[in-house]
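Q: I am new to this structure. Please take one part of it, look closely, and then connect it to the rest.

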Amino acid sequence: MTLTVALVSDVFFDEDGPSRLAARLAQCRASGAALVVLPELPLNRWAPATRASRPDDAEPPEGPRHQTLAAAAREAGVGVLGGAIVRDPASGLRHNTALLVDAAGRLVLAYRKVHLPEEDGFWETSHYEPGDELPAIDGTFGLKLAVQTCSDINRPEGSLIAAALGAEAIVNPRATEPTYFPRWKTVFTAIALTSGAYVLSVNRPRAEGGVPLGGPSFAVAPTGEVLVETHDTVAYVTLDRAVVAEARRRYPGYLATRADLYAEGWRRAKTTRRPHDGGL
């Protein structure tokens, strides 16, 4: 079983965004992709550039950005991972929510970002609340995919749990600065090697609101082999279930997860928040 994924480093929040998105998805589908991965919050401006939040940054479930994403996917006949700031109708709380839709435009996975930065250019806790659920896993596209948004992958417990629950690829939409990419690359590669899963990440492409966003799209195999590292707007990678199976047959894939032991350690530690010392 294989899956061809298009990594699209582009954002679509301007007036012609919906038409550009539809054209881009059609291009990816014509090139053989069954799934397109977009950056973090691709239909929003980078609102966390400042602490000031606006009501129109967010939307209710299945709101206009969701509908734009679904319509473009349906028109092109390709699955898409995008997202929006979604406002809970009961509580009024806002969450940075990844949205995975299939080729018919149906929502198959929603995931709320858990780990939120709060520093210059990334004032995220001023805009939305942290999620409180494990990475969701979906098998609509053949391989089992888990989503972790940006900073979440820097707390690798979630990635390892997702793999232990069956995820064969961990997909990471992000909004980061190019200066820090070497660190992200190390994390992505370590997670691929230790989880026995592919890791794919797509970044917002350029500076916004005075924040120097940018940096390459990246994909790494469970073997640690870098498959994609590029600043191209569109890149393609083919994932193979057999590669995952072989990685999990070999060291360290075959080692026991010891969920009982580590669950006890986390029970003792409970939730902690370390003093902020800057940097992403």
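This is a predicted model: local features need pLDDT of at least 70, side-chain atom pairs count only at pLDDT 80 or more; totals for chains, interfaces and linings use all residues.

A: Glu 124 pairs with Lys 113, and their closest N and O atoms are 2.7 Å apart. The two partners come from distant parts of the chain, eleven residues apart. Glu 124 sits in the loop between strand S8 (122-123) and strand S9 (137-138). Lys 113 sits in the loop between strand S6 (107-112) and strand S7 (118-119). Are these two residues buried or exposed? Both Glu 124 and Lys 113 are buried.

Another one joins the side chains of Asp 10 and Arg 20, at 3.1 Å from N to O. Asp 10 lies in the loop between strand S1 (2-8) and helix H1 (17-30), while Arg 20 lies in helix H1, so the pair ties together parts that are ten residues apart in sequence. Asp 10 is buried, with 6% relative accessibility. Arg 20 is partly exposed, at 26%. Both residues also belong to a network of salt bridges. Its members are Asp 10, Asp 14, Asp 16, Arg 20, Arg 24 and Arg 206.

A further bridge links the side chains of Asp 56 and Arg 54, with 3.2 Å from N to O. Asp 56 is partly exposed, with a relative accessible area of 48%. Arg 54 is partly exposed as well, at 39%.

Now the cysteines. How many disulfides does the count give? The count is zero. Cys 28 is buried, at 0% relative accessibility. Cys 150 is also buried, with a relative accessible area of 3%.

Next, the backbone. Most residues other than glycine have a negative phi, and most peptide bonds are trans. Leu 41 has a positive phi, near 45°. Leu 41 is placed in the loop between strand S2 (35-37) and strand S3 (58-59). This leucine is buried, with 3% relative accessible area. Glu 62 has a positive phi too, near 60°. The loop between S3 and H2 holds Glu 62. Is Glu 62 buried or exposed? Glu 62 counts as exposed, because its relative accessibility is 57% and the cut-off for exposed is over 50%.

The peptide bond between Tyr 251 and Pro 252 is cis, with omega about 0°. Pro 252 belongs to the loop between helix H5 (241-249) and helix H6 (259-269).

Another loop holds Gly 77. This loop runs between helix H2 (64-76) and strand S4 (79-87). Gly 77 is partly exposed, at 30% relative accessibility. Leaving aside residues up to four places away in sequence, Gly 77 touches Arg 29 and Ala 103. Gly 77 and Asn 44 are 33 residues apart in sequence. In space, their C-alpha atoms are 23 Å apart.

On the surface there is a nonpolar patch. Which residues form this patch? Leu 134, Ile 137, Ile 161 and Leu 165 do, with about 340 Å² of accessible area together. One of them, Leu 165, is found in the loop between helix H3 (157-164) and strand S11 (169-174). Leu 165 is exposed, at 54% relative accessible area.

Finally, step back to the whole. The protein has six helices and 15 strands. Its radius of gyration is 18 Å, close to the 19 Å that the globule rule gives for 280 residues, so the protein is as compact as a globular protein of that length. The C-alpha trace spans about 50 × 45 × 40 Å along its principal axes. Buried residues make up 50% of the 280 residues. The accessible surface comes to about 12,800 Å². Carbon and sulfur atoms account for 53% of that surface. Of the contacts between residues at least 6 apart in sequence, 69% join residues at least 24 apart.

Technical notes: Residues are numbered from 1 along each chain as its sequence is written. Side-chain values use heavy atoms; hydrogens and water are left out. Patches are made of residues with over 30% relative accessible area and no salt bridge: like charges are joined within 9 Å, nonpolar side chains (Val, Leu, Ile, Met, Phe, Trp, Tyr) within 5 Å. Accessible areas come from the Shrake-Rupley method with a 1.4 Å probe; for residues, only the protein chains shown count as cover. A salt bridge is a side-chain nitrogen of Lys or Arg within 4 Å of a carboxyl oxygen of Asp or Glu. Helices (H or I, at least four residues) and strands (E, at least two) are DSSP runs, numbered from the N terminus. Buried means under 20% relative accessible area, exposed over 50%, partly exposed in between (1.4 Å probe, protein chains only). A disulfide is a pair of cysteine sulfur atoms within 2.5 Å. The radius of gyration is taken over C-alpha atoms; the globule rule is 2.2 Å times the number of residues to the power 0.38. Contact means heavy atoms within 4.5 Å.
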